[in-house]
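Here is a friendly walk through one protein model and its ligand. Have the sequence and the 3D view at hand as you read.

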Amino acid sequence: MERIENDYVFHRDLKKEYPIITHGVGSYLIDENGKKYLDACSGAVAANLGHGIPFIGEAMADQAKKAAFVHTMRFETKALHQLAETIGKMAPDQLNKVYFTTGGSEANESAMKLARQYHRDAGRSQKHIVIGRWQSYHGNTIGSLSAGGDVKRRHAYTPNLLNYAHVYSPYCHRCPYDRQHDDCLSNQNWTCVTDIERTILELGPENVSAFIAEPIVGSQQGAVPPPPGYFEKVRELCDRYEIVLIIDEVMTGFGRTGTNFATEQIRITPDIITFGKGVSAGYAPLAGMIVHDRLIEGLIQNSDGKFIHGYTYSGHPVAVAAGLAALDVYKRERVLDNVIKQGDYLFNRLLELKQKHTYIADVRGRGLLIGIELVRDRELDLLFDPAEKAADRLNGIAMELGAVFYPGAGSIDGTKGEHLIISPPLNAIKKEIDEIVRILDESLTIFKSLERKGERYEITK
Ligand SMILES: Cc1ncc(COP(=O)(O)O)c(C=O)c1O
């Protein structure tokens with residue numbers, strides 16, 4: 001009781017105590033006791049340039065001193081135009097208009113609403129259903145949660161969720177349709193794709209507004225890339241049935257996977273790309289969407305140029321200044337080159353670790369978005385019981401040792417399947433990658449000895 005009375009923070013977990021961070025330096029966070037944590041997951045795959053960069057802080061302070069807030073219903077800033085131009089030029093050719101929000105959930109809400117308005121105003125007024133994918137995450141607002149497929153996050157709110165449809169996202173390593181990847185490739189009969197078409201036909205194409213997917217599934221599956229050719233087939237289906245294709249790059253955008261957008265790797269042009277996290281490298285709440293010319297022309301012709309939507313903090317000048325400064329750093333420091341170099345190195349080091357620890361069943365990902373699947377025993381293909389919270393506990397041990405990873409669960413079927421995402425800042429150096437691997441190695445060894453003794457590492461921090 002005393003703790004509740006003296007603590008005014010509504011914590012993520014009210015039963016847990018969290019270290020208080022006083023500052024960050026590069027890839028490290030330092031708490032009030034001076035303990036250092038190597039940020040091996042960039043917070044939530046957001047602090048993509050590490051911590052404490054004065055250039056970004058100063059750019060934000062300069063903007064705050066000049067004009068901290070203008071309402072985009074009546075005014076704009078130069079910084080807004082500059083950032084939109086920079087992002088528009090990074091995106092695929094026909095995606096040119098950039099709309100800003102404060103977070104990824106809002107970005108996906110905006111994209112799904114835009115798809116709906118675009119259809120409605122063009123006379124396709126029945127189109128309203130979004131098809132999402134199981135084991136995918138698009139945010140925590142009611143709309144984005146409805147589109148996402150995170151069983152645990154959805155469960156508490158099932159009665160409130162919108163009537164959206166879901167198909168499985170490909171997880172060839174453990175195909176939810178019990179298919180073999182080579183078999184799919186050789187006879188070009190992909191159940192994960194035919195299931196999308198079946199779902200569209202069942203709902204009635206006249207009712208389906210949008211399809212939303214992460215190009216590489218992040219927090220819910222642990223950095224799982226699609227099989228080559230999957231998104232080309234999805235694009236064909238969306239074209240055939242006039243469905244807006246939204247690619248959620250909130251986690252993958254701005255170099256995380258080795259290209260500006262992961263969309264470049266899946267070789268399609270989406271109708272909308274949503275982004276967040278890395279755009280400001282975590283220095284300010286900033287996100288948004290980049291929209292295809294076709295939708296913009298539709299809005300101009302059929303909607304009098306107006307998207308019936310908007311947030312108070314859309315295009316917030318200080319957040320936009322953070323975005324501009326962050327993108328400048330990415331470019332100046334040639335971060336993309338580093339992602340490819342360190343990403344390859346980290347991937348290979350994790351493959352070595354897999355040889356040593358039978359807890360690791362799979363290493364996957366692109367660039368510096370890498371996931372490992374954790375099982376009780378790889379040789380016996382024995383999974384952890386979800387109640388054991390294996391990934392969480394492993395991360396707890398790692399934090400004791402001074403590194404923080406991004407644990408997740410439910411990657412296989414919504415409940416079973418444990419994974420850890422390893423996603424250090426995009427400018428991490430080799431020495432830091434080595435330290436990440438060393439701490440992960442030690443954590444797995446400690447995890448094993450505790451398991452043998454039948455003891456559990458209790459997570460209090
Ligand atoms: C792919 C993806 N989409 C959307 C979101 C939601 O973003 P936010 O938490 O900024 O609302 C996330 C956050 O983790 C994400 O990873």
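The sections below cover the ligand site, the nonpolar core and a few individual residues.

## About the model

This is a predicted model, in which local features need pLDDT of at least 70 and side-chain atom pairs count only at pLDDT 80 or more, while totals for chains, interfaces and linings use all residues. Residues are numbered from 1 along each chain as its sequence is written, and side-chain values use heavy atoms, with hydrogens and water left out.

## The ligand site

The shell is made up of G103, G104, S105, N108, Y137, H138, G139, E214, D248, V250, M251 and K277. By class, three of these residues are nonpolar, six polar and three charged (Ala, Val, Leu, Ile, Met, Phe, Trp, Tyr, Cys and Pro count as nonpolar, Asp, Glu, Lys and Arg as charged, and the others, Gly among them, as polar). Helix α5 (residues 104-121) supplies the largest share, three residues; helices here are DSSP runs (H or I) of at least four residues, and strands (E) of at least two, numbered from the N terminus.

Several polar contacts (pairs of N or O atoms within 3.5 Å) can be picked out. The side chain of S105 places an N or O atom 2.5 Å from a ligand oxygen, and a backbone N or O atom of G104 is 2.8 Å from an oxygen atom of the ligand. At Y137, a backbone N or O atom lies 3.4 Å from a ligand nitrogen. The protein buries 82% of the 390 Å² that the ligand exposes when taken alone (Shrake-Rupley areas with a 1.4 Å probe).

## The nonpolar core

A nonpolar core is a set of buried Ala, Val, Leu, Ile, Met, Phe, Trp, Tyr and Cys residues joined through side-chain atoms within 4.5 Å. The largest one has 65 residues, and L49, I56, I87, I290, Y330, F405 and L440 have the most contacts inside it. Helix α13 (residues 317-332) gives the most to this core, nine residues. At least three residues come from each of domain 1 (2-52 + 334-452) and domain 2 (55-332), with bounds from an automatic or database domain assignment.

## Individual residues

S42 sits in helix α2 (residues 42-45) and is buried, at 0% relative accessibility. R267 belongs to the loop between α11 (263-266) and β9 (272-275) and is exposed, at 65% (buried means under 20% relative accessible area, exposed over 50%, partly exposed in between).

Technical notes. A residue is near a molecule or strand if one of its heavy atoms lies within 4 Å of it. A polar contact is a pair of N or O atoms within 3.5 Å; within protein, one must be able to donate a hydrogen and the other to accept it, and residues adjacent in sequence count only if both atoms are side-chain atoms. Buried means under 20% relative accessible area, exposed over 50%, partly exposed in between (1.4 Å probe, protein chains only).
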